[in-house]
Amino acid sequence: MGLQCGIVGLPNVGKSTLFNALSSAKAEAANYPFCTIEPNVGVVTVPDNRLKVLEDLVNPQKVIPTVFEFVDIAGLVKGASKGEGLGNQFLANIREVDAIAHVIRCFADDNVIHVAGKVDPVSDKEVIDMELQLKDLEAVDKKILKVARAAKTGDDKAKKELAALEKFKAHLEQGKNARGLDVTAEEKEAVADLFLLTIKPVIYVANVDEKSIISGNEYVETLKNAVKDENAQVVMVCAAIESQIAIMDTEEEKQLFLEEYGLKESGLNKLIRAAYSLLNLITYFTAGEKEVRAWTILRGWKAPQAAGVIHSDFERGFIRAEVIKLTDYQQYKTEAACRNAGKIGVEGKDYVVQDGDIMHFRFNV
């Protein structure tokens, strides 16, 4: 699944430093180096210790982790919705991503000039929110004009659609993001073709200084309080620390460096996992002598859909799935031993794949 998380933020908040750290990051679970698809798109692995467990058990020729794309979206300035700065390019790029990582400056430093002249996380958040809301309002208004004509003729479907659009319009006019509006699936469908910017799920990335990385600071608390009703995650990252970690060659070096700061893992790992979780994604595995591989699917997918991620023929000709739980694999050590112990489940088309399942698909086309 080609999923993307766009990294956005005002100038001088640490967005570029963070993306550059991602760009230099090396895969933790396997030999899958960072690569650049375009100048502003990078592929990173999703950290998953279960791959290492399977690698030790199976001893495959190669290990392939699941990956995630981060997009460094052009910096935003006030007035972007009207085309100021790189506004049109920014808005076009952000419309294509699945989720947003909004980097917000949560540190004071006289040597790093803030575009507004002072550090104010809530104000920074609101600047970007407003630009996205204005662009969404523009899209909703255009559709309202179109749908209103059909509604006047008595078209029931158009009337329902118009009511939903008016609901979104009123919410956006209050300076609120579309993702926070309580709507039915039918109402959400009314704006599906608009690809609203503020309906996308968001992670707020609080970029803090080194001394605040463990317990945060007043800026982080202010930000958390401001977004508490948005059902959004706040992840603390110190871009300065991440940029140092990124140039280290070995995991041992990185771990020792993190321990000096009292950290168990890098902020980038937390961000990658948060983005993965935000999109309601899970991982299943295939394991054999040739390769151990992680596959990304949406939570709730059934076995045939999961098989289709490997190849469309697997889904089209699905017969059954053989499933081993990782704990059983760890206990019995081999697939054969799991089979002898009755620990391989034979599942049909209605089986809902669980995070961490080790799967083998039987199909016929």
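**Helices α8 and α9**

Mentor: Helix α8 (residues 239–246) and helix α9 (residues 251–260) cross at roughly 155°, and their axes come within 10 Å. Those axes are lines fitted to C-alpha atoms over the stretch in contact, with angles running from 0 to 180 degrees between N-to-C directions. The helices themselves are DSSP runs (H or I, at least four residues; strands are E, at least two), numbered from the N terminus. This is a predicted model, where local features need pLDDT of at least 70, side-chain atom pairs count only at pLDDT 80 or more, and totals for chains, interfaces and linings use all residues. Residues are numbered from 1 along each chain as its sequence is written, and side-chain values use heavy atoms, with hydrogens and water left out.

Back to our pair: α8 and α9 are therefore roughly antiparallel to each other, a label for angles over 145 degrees. Their crossing is right-handed, meaning the near helix is turned clockwise from the far one by less than a right angle.

Now zoom in on the side that α8 turns to its partner: I241, Q244 and I245 in α8 meet K254, F257 and L258 in α9, where contact means heavy atoms within 4.5 Å. Sorted by class, the contact of α8 with α9 has 4 nonpolar residues, 1 polar and 1 charged. Here Ala, Val, Leu, Ile, Met, Phe, Trp, Tyr, Cys and Pro count as nonpolar, Asp, Glu, Lys and Arg as charged, and the others, Gly among them, as polar.

Methods
Angles under 35 degrees count as roughly parallel, over 145 as roughly antiparallel, 65 to 115 as roughly perpendicular and the rest as oblique.
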